[in-house]
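Hi,

Here is the structure I promised to pass on to you. Have a look at it first, then read my notes below.

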Amino acid sequence: MFNSLIDSTLTPEGFFLCTAAALILGLLTALCFSFRARFSKSFILTLAILPAIVQVIIMMVSGSIGAGVAVAGTFSLVRFRSEAGTAQQISAVFLSVALGIILGMGYILVAVIFFVIIALFFLLLTFVGIGENKSVQRDLRITIPESLDYEGVFDDLFNTYTVSHRLDRVKTTNMGTLYELRYTIVLKNEASIKEFLDALRTRNGNLTIICGRVGTESNL
């Protein structure tokens, strides 16, 4: 078992030292998990200050780790109460909570070593690219008139230009006179996006078509 650099008893010196370490490790956690990923400014700031918040909670419960974990768990759930983040974001939040708990107990050295291990392992997996999907998914939205039967109307074009396609949602627009079809597609490597969209436009009466990459992190 590692020896703590300071005694776990709450003292002014210990409080400021643990808080400083929590803020530094929180900032490093935010920088590490934002590597090759797109997060909002609010999420990055949350990761940076969360260890310090949890650390203070642990200190204020007078050594009752069970009570501290229960209260800290409430804070970790607030961020995802209405919107379930990605697995990477949830992992980052749990790492911040864990660092705060360790620092709240006064084990600065353990917190630093634990962070270094997790950060190096995360960066290694990121560089290796394990679990990455090489095929780029795209969000395709096609507007069609209500008189056009959307079931199977674009199947031949999808078979020609895409590797896979999935109809995710059908929505009526313009007071029910139009349908908006939302697909998730993966284009073939040799497929031309312009040629594909031109073929769709001739089928849907030259109504609005929107095609873009599927984004899961940029809006958080």
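Predicted model: local features only at pLDDT ≥ 70, side-chain atom pairs only at ≥ 80, totals over all residues.

Residues are numbered from 1 along each chain as its sequence is written, and side-chain values use heavy atoms, with hydrogens and water left out.

Back to the pair. α1 covers residues 12-33 and α2 covers residues 41-60; their axes come within 7 Å and cross at roughly 150° (axes are lines fitted to C-alpha atoms, for helices over the stretch in contact, and angles run from 0 to 180 degrees between N-to-C directions). The two helices are therefore roughly antiparallel, a label for angles over 145 degrees.

Which residues of α1 and α2 make the contact? On α1 they include Gly14, Phe15, Leu23 and Ala30, and on α2 they include Ile44, Pro51, Gln55 and Met59 (contact means heavy atoms within 4.5 Å). The residues of this contact divide into 13 nonpolar, four polar and no charged. Here Ala, Val, Leu, Ile, Met, Phe, Trp, Tyr, Cys and Pro count as nonpolar, Asp, Glu, Lys and Arg as charged, and the others, Gly among them, as polar.

**The whole chain**

The chain has seven helices and four strands, in the order α-α-α-α-α-β-α-β-β-α-β. These are DSSP runs numbered from the N terminus: helices are H or I with at least four residues, strands are E with at least two. Of the 220 residues, 37% are buried (under 20% relative accessible area; exposed is over 50%, partly exposed in between, with a 1.4 Å probe and protein chains only).

Cys32 is buried at 8% relative accessible area, whereas Cys211 is partly exposed at 26%.

Asn174 isn't a glycine, yet has a positive phi of about 55°. Asn174 sits in the loop between β2 (162-173) and β3 (178-187) and is exposed, at 53% relative accessibility. Asn206 also has a positive phi, near 60°, and lies in the loop between α7 (193-203) and β4 (209-213).

Cheers

Key: Parallel < 35°, antiparallel > 145°, perpendicular 65-115°, else oblique.
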